[in-house]
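Could you look over my notes on this one?

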Amino acid sequence: MNMNTDHETSDSGGSDEGDRRAELSTPAVGRLSLYYRELHRLLAAGESSTNSRDLGAMVNVSPAVVRRDLSSIGSIGRRGVGYDVAILAERIGAVLGSGVQWKAVLIGVGSLGNALLRYRGFERLGFSLAAAFDTDPAKYGHEVGGTTVRSLDDLEEVLATAKPELAILAVPSEQASQVATRVLAGGIQGILNFAPTTLRVPPGTAIINVDLASELQQLAFRIQNR
């Protein structure tokens with residue numbers, strides 16, 4: 001017997017999206033991003049509906065957490081049926097800002113930068129790379145994943161003309177602070193920092209620090225203590 005408990009919640013319209021975003025916790029935003037990814041995989045596989053149990057299993061959270069998260073953004077579910085995959089993906093995308101086209105620049109075209117430039121998932125989520133920069137003259141003019149690598153000396157010019165909102169930093173730790181200062185002065189509103197250092201930015205600037213080595217340490221800790 002199907003005991004699906006996904007509930008229908010009222011759709012109060014797009015005017016409340018800003019209020020919903022402001023009320024979401026950081027962990028909830030992270031989970032919504034994972035739901036969004038899995039919903040697009042379901043769409044690609046031709047699936048039209050899902051439920052809180054199956055969606056939770058995909059991202060390793062309980063059905064109750066899924067229902068709470070989706071209820072907080074005013075999602076629509078039907079008891080015994082679940083969620084329409086396309087509608088739910090559109091709703092989450094609107095809340096996360098993926099319905100808006102965001103322009104980003106990438107600084108640092110080493111091994112990690114190369115991989116990021118070749119990643120096609122950015123476009124699917126509404127992000128386009130306006131330019132990539134490096135300090136190695138041997139890389140200038142080379143195209144990686146459809147983006148031409150430019151000298152870091154051109155950074156301010158490109159920021160002024162292309163007006164990107166986001167910057168991805170894949171530079172050594174000793175360069176990260178100086179580069180962050182430059183991109184913020186050029187109008188960048190948010191930074192995704194892969195440099196192995198925690199950047200401090202002025203209030204009102206969005207930043208996510210991603211330290212891959214630290215993440216691996218946490219993974220090793222969990223294995224040792226499971």
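1. Setting aside neighbours within four places in sequence, valine 66 is in contact (heavy atoms within 4.5 Å) with Tyr35, Ser52, Leu55, Gly56 and Val61. Valine 66 sits in helix H4, residues 63-72. Helices here are DSSP runs of H or I with at least four residues, strands are E runs of at least two, and both are numbered from the N terminus.

2. Is valine 66 buried or exposed? Valine 66 is buried, with a relative accessible area of 0%; buried means under 20%, using a 1.4 Å probe and protein chains only.

3. A word on the source: this is a predicted model, where local features need pLDDT of at least 70 and side-chain atom pairs count only at pLDDT 80 or more, while totals for chains, interfaces and linings use all residues. Residues are numbered from 1 along each chain as its sequence is written, and side-chain values use heavy atoms, leaving out hydrogens and water.

4. Now the sheet: three strands make an open sheet in the order S1-S3-S2, with antiparallel pairing (two strands pair if DSSP finds at least two bridges between them). Strands S1 (49-50) and S2 (77-78) are the edges, each pairing on one side only. Helix H5 (residues 85-96) packs on this sheet and touches S1 and S3. The direction of H5 makes about 75° with that of S3; such angles run from 0 to 180 degrees between N-to-C directions, with axes fitted to C-alpha atoms, for helices over the stretch in contact.

5. Which residue in S3 is the bridge partner of glycine 77? That's tyrosine 83.

Key. Buried < 20%, exposed > 50% of the residue type's maximum accessible area, 1.4 Å probe, protein only.
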